[in-house]
Amino acid sequence: MGQQHTRRHSSPSPLSALRGLVPRRPLLYQESLRIAELQAQLLLDLAGVKEPPVPTDVLSLIPHMKVVYLDDSPIAASAHWDGRDWIIVVNARQREPRRRHSLAHELKHVVDHTTRSFLYAGTPRMAPLEQAERAADYFAGCLLMPFGWLRKASADDCRTANEYAIRFAVPVGAAKKRLTQVGLAPENSRQLPLLPVDGWPPARLDFETAIGAEA
Ligand SMILES: [Zn+2]
């Protein structure tokens with residue numbers, strides 16, 4: 001009696017939860033990258049995924065999300081709202097690792113749909129659109145290759161970018177980029193991090209802090 005409270009509204013939809021991580025104020029680009037990483041972590045938490053490779057059906061957590069594979073798509077992938085569903089179109093001719101990365105990239109565009117004006121204010125050196133594209137790539141890297149998992153793979157037996165790429169089912173180029181971002185690139189392939197940030201090039205420590213690689 002009097003105990004029949006429903007919890008219908010106690011947890012937001014995954015999409016709302018991801019968007020809820022974005023403060024409603026103009027953000028520095030580095031803050032936007034950090035938020036991309038937090039969103040990727042949250043999605044993995046919500047999906048209960050704890051090890052690689054991340055299954056692409058984490059997307060099925062997002063309501064009204066449909067993925068269409070097209071043989072004759074002129075581009076790698078795209079996302080649009082058709083009035084009822086989010087449609088992510090992926091070029092079916094890409095190899096599976098590339099398709100997974102493209103899907104994750106497009107998912108970030110969907111997540112950003114209502115918050116992009118806060119996330120990507122643009123700078124004299126980088127237009128808002130460019131920031132959004134790079135953040136989508138960064139999100140894809142964080143989602144498919146979380147830092148903690150990379151560190152574990154490194155402690156196990158992963159040595160080359162190829163080995164990471166196989167374990168995480170991602171393109172080799174994406175693995176190289178992510179390993180560099182988190183400071184795990186093999187010695188012989190170390191290079192400057194590929195993510196452009198304002199004030200580039202920052203001190204290495206600054207960069208790692210900026211992208212939350214210390215976590
Ligand atoms: Zn894009």
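**View 1. Surroundings of helix H8 in the predicted model.** The buried residues of helix H8 pack against helix H3 (96–111), H5, helix H6 (147–156) and helix H7 (161–168), where contact between two residues requires their C-beta atoms, placed from the backbone, to lie within 7 Å. Helices (H or I, at least four residues) and strands (E, at least two) are DSSP runs, numbered from the N terminus. H8 spans residues 172–181 and is mostly covered, with 7 of its 10 residues buried, a residue being buried if 20 or more other C-beta atoms lie within 10 Å of its own, exposed if 12 or fewer, and partly exposed in between. The buried positions are Ala174, Ala175, Lys176, Lys177, Arg178, Leu179 and Gln181, and just after H8, Gly183 takes a positive phi of about 75 degrees. This is a predicted model, in which local features need pLDDT of at least 70 and side-chain atom pairs count only at pLDDT 80 or more, whereas totals for chains, interfaces and linings use all residues. Residues are numbered from 1 along each chain as its sequence is written.

**View 2. Packing of H2 on H5.** Helix H2 (residues 29–47) and helix H5 (residues 128–144) pack at an angle of about 35 degrees, their axes lying 9 Å apart; axes are lines fitted to C-alpha atoms, for helices over the stretch in contact, and angles run from 0 to 180 degrees between N-to-C directions. Residues making the contact include Ala36, Ala40 and Leu43 of H2 and Ala135, Phe139 and Leu143 of H5.

**View 3. The largest nonpolar core.** This core has 47 residues, of which Ala36, Phe139, Leu143, Leu144, Leu150, Tyr164 and Ala175 touch the most other members; a nonpolar core is a set of buried Ala, Val, Leu, Ile, Met, Phe, Trp, Tyr and Cys residues joined through C-beta atoms within 7 Å. H5 supplies the largest share of the core, 8 residues. Leaving aside residues up to four places away in sequence, Leu143 touches Ala40, Leu43, Leu44, Val54 and Ala104.

View 4. Three strands form an open sheet in the order E1-E3-E2, with mixed pairing, and two strands count as paired if DSSP finds at least two bridges between them. The edge strands, each pairing on one side only, are strand E1 (65–70) and strand E2 (77–81). E1 and strand E3 (residues 86–91) pair in the parallel sense over 6 bridges, and Val89 in E3 is the bridge partner of Val68. H3 lies across E1, E2 and E3 and runs at about 30 degrees to E2.
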